[in-house]
Amino acid sequence: MIGYLKESKFLLLLACITTIVANVLALYGPKLTGMAIDAIGGPSQVNFDRVLYYCILMVIFYVVSSVLTYILQIILLQVSKKITHRMRKQVFEHLLELPVSYFDRNQTGDIVSKISYDIDTINTSLSSDILQLVTGVITVVGSLLMMLSIAPILVLVFVITVPITLVFARYRMIKVKPLFRRRSRKLGELNGFTEEMLSGNKTIKAYGQEDTIITKYDGRNEDASQAYYTADYEGSIMGPSVNFVNNLSLSLISMFGAILFLMGKITIGNISSFVMYSRKFSGPINETANIITELQTAAAAAERIFRLLD
């Protein structure tokens, strides 16, 4: 896929710059929230000018970040459109150059599934999943730096929780990847059989083979459904599991943050900012876990396309 992405390198460079600026602005919001909370002080100690100043800055930062994110989405849609257009063109032209023996060995429905469903899956992944991954990396790094500037000792909580998340995610990816390959293969087989039976419907009726074909179709349909269920079931375990670890880290941060506050080592505003950054830090990890299913589907689809082109 890198070869296709290189053709849109200027758009991707613009997307990277937009992503960085949008996320940096969004990352500064929690810091301003903590500063606004500390400016409140107490019932008779509120510095209204400073509170208003921080609130206005937050509004400006978040609005500009949202606009840039919108522009970024448009850029990535353009990139994915160009790539999928070129990919479909290449696949179709390549099919016209293949020998008849290839079409003897492969069902037409399976070939149609590759040029339509599989490329659509890649398109969806390029336009949304990649954006989430890139944004997630920037958010995680930025949040970590901000947390280190606020309370380095509280960051030690993630020394425990992050390795647990990474090890579990790695284990699940290894287990789930073959299941999504099988899912794509079974869908192709079902489409191939369906196309072949529909195009030969007159022959089936002429020989009275309707019941036989229905029985065969039911078997392939059951295999495809079971492959989908198994892949989605195993893939869906990732999100809730990672979310549990993230909530565990939030509980530990709240507990140790309260202890540090009682010792006079941290302010309420800084605790608030740290908690918000901890959510931003763990949020992308959780989102990545949730889109692993989509990424595995896209990877399986890409393998089928490149196997055909090869």
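A residue is taken as buried when its relative accessible area is under 20%. In this predicted model, Tyr-102 has a relative accessible area of 12% and is therefore buried. Phe-103, by contrast, reaches 37% relative accessibility and so counts as partly exposed.

The structure contains 7 aromatic pairs. One of them is formed by Tyr-102 and Phe-103, whose ring centres lie 5.6 Å apart with the planes at 90°. An angle over 60 degrees counts as edge-to-face, and the pair is therefore assigned to that class. A further contact to an aromatic ring involves a charge: the charged end of Arg-183 is placed over the ring of Tyr-228, at 4.2 Å from the ring centre.

Helix α8 covers residues 210-236. Its 27 residues, at 1.5 Å a residue, should span 39 Å, and the C-alpha atoms at its ends are 38 Å apart, so the two values agree. Buried positions in α8 are Ile-213, Ala-224, Ala-227, Ala-231, Glu-234 and Gly-235. In an α-helix there are 3.6 residues a turn, so residues three or four places apart point the same way.

A nonpolar patch on the surface is made up of Val-59, Val-63, Val-67, Tyr-70, Ile-71 and Ile-74. Together these residues present about 550 Å² of accessible area. Ile-71, a member of the patch, is located in helix α3, which comprises residues 48-97. Its relative accessibility is 38%, and Ile-71 is therefore classed as partly exposed.

Terms used: Residues are numbered from 1 along each chain as its sequence is written. This is a predicted model: local features need pLDDT of at least 70, side-chain atom pairs count only at pLDDT 80 or more; totals for chains, interfaces and linings use all residues. Side-chain values use heavy atoms; hydrogens and water are left out. Patches are made of residues with over 30% relative accessible area and no salt bridge: like charges are joined within 9 Å, nonpolar side chains (Val, Leu, Ile, Met, Phe, Trp, Tyr) within 5 Å. Accessible areas come from the Shrake-Rupley method with a 1.4 Å probe; for residues, only the protein chains shown count as cover. A salt bridge is a side-chain nitrogen of Lys or Arg within 4 Å of a carboxyl oxygen of Asp or Glu. Helices (H or I, at least four residues) and strands (E, at least two) are DSSP runs, numbered from the N terminus. Buried means under 20% relative accessible area, exposed over 50%, partly exposed in between (1.4 Å probe, protein chains only). The expected span of a helix is 1.5 Å times one less than its number of residues. Rings of Phe, Tyr and Trp (its six-membered ring) pair if their centres lie within 6.5 Å; planes under 30 degrees apart count as stacked, over 60 as edge-to-face and the rest as tilted. A charge sits over a ring if NZ of Lys or CZ of Arg is within 6 Å of the ring centre and within 35 degrees of the ring normal.
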